[in-house]
Amino acid sequence: MASRPELILASASPRRLALLNQIGIEPEHLVPAHIDETPEKNELPRKLAQRLADQKAIAAQHKARTSGIAGNALVLAADTVVAVGRRVLPKAETMEEASECLRTLSGRSHRVFTAVTMLTTSGAMRKRLVETRIRFKRLSAREIESYLASAEWRDKAGGYAIQGIAGAFVLKLQGSYSAVVGLPLNETVSLLAGEGYPVHFNWLNQSSLSAV
């Protein structure tokens with residue numbers, strides 16, 4: 001009987017790791033992939049998200065093999081892009097960028113695209129792309145100023161983190177909440193289970209532990 005595959009998470013994001021932990025999954029290896037995330041000319045938001053997820057998976061696999069880590073493992077990568085129409089909002093690195101994002105999102109709808117890419121042990125590439133639509137309330141100058149002071153926006157796509165204070169800005173969400181946080185759990189479970197990763201076995205173990 002073949003041994004179960006190990007899992008490499010191609011991310012340093014504590015949010016993505018926490019989401020995997022939420023569904024009982026602890027990756028054997030964390031291999032962050034650092035790539036150029038600059039959009040190509042006229043690149044659509046959904047295409048950008050998928051391209052970056054693909055590139056992260058490939059880069060992490062190469063890094064892992066170079067380091068002698070689990071040469072025969074599943075590699076899971078994801079990328080999240082926030083867009084208003086065709087315009088991609090940045091991952092805010094400065095307060096000015098975050099402020100511009102929040103003013104753009106205030107009182108209007110936007111879309112969040114999260115792509116998941118998994119490289120299998122046989123070398124195949126499996127993909128999922130999830131689109132979530134969100135509408136923000138109209139933000140007052142005081143709300144924006146206070147949110148900027150919290151620093152939750154730092155390095156977040158679109159300048160906000162829905163799992164934090166910014167959850168209070170959301171009037172409507174249509175799609176996957178976990179995808180907006182950084183990893184669509186339904187699609188991720190489907191990809192992993194399809195390649196023999198023991199997702200449901202882990203759930204059975206958790207059930208046994210909670211009964212103690």
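Visitor: Which residues does Arg 16 touch, not counting residues up to four places away in sequence?

Guide: Arg 16 touches Ser 11, Lys 56, Ala 78, Asp 79, Thr 80, Gly 182 and Leu 183; contact here means heavy atoms within 4.5 Å. This is a predicted model, in which local features need pLDDT of at least 70 and side-chain atom pairs count only at pLDDT 80 or more, while totals for chains, interfaces and linings use all residues. Residues are numbered from 1 along each chain as its sequence is written, and side-chain values use heavy atoms, with hydrogens and water left out.

Visitor: Why is Arg 16 said to have no salt bridge?

Guide: A salt bridge needs a side-chain nitrogen of Lys or Arg within 4 Å of a carboxyl oxygen of Asp or Glu. The nearest side chain of opposite charge, Asp 79, is 5.3 Å away, so Arg 16 has none.

Visitor: What makes the pair of Arg 16 and Thr 80 a polar contact?

Guide: Their side chains are joined at 3.4 Å. The limit is 3.5 Å between N or O atoms, one able to donate a hydrogen and the other to accept it; residues adjacent in sequence count only if both atoms are side-chain atoms.

Visitor: What makes a set of residues a nonpolar core?

Guide: The members are buried Ala, Val, Leu, Ile, Met, Phe, Trp, Tyr and Cys residues, joined through side-chain atoms within 4.5 Å. The largest such core has 43 residues, of which Ile 25, Tyr 147, Tyr 160 and Leu 192 touch the most other members. Another core, of eleven residues, lies apart from it and includes Ala 10 and Val 75.

Technical notes:
Buried < 20%, exposed > 50% of the residue type's maximum accessible area, 1.4 Å probe, protein only. Lys, Arg positive; Asp, Glu negative; His and termini not counted.
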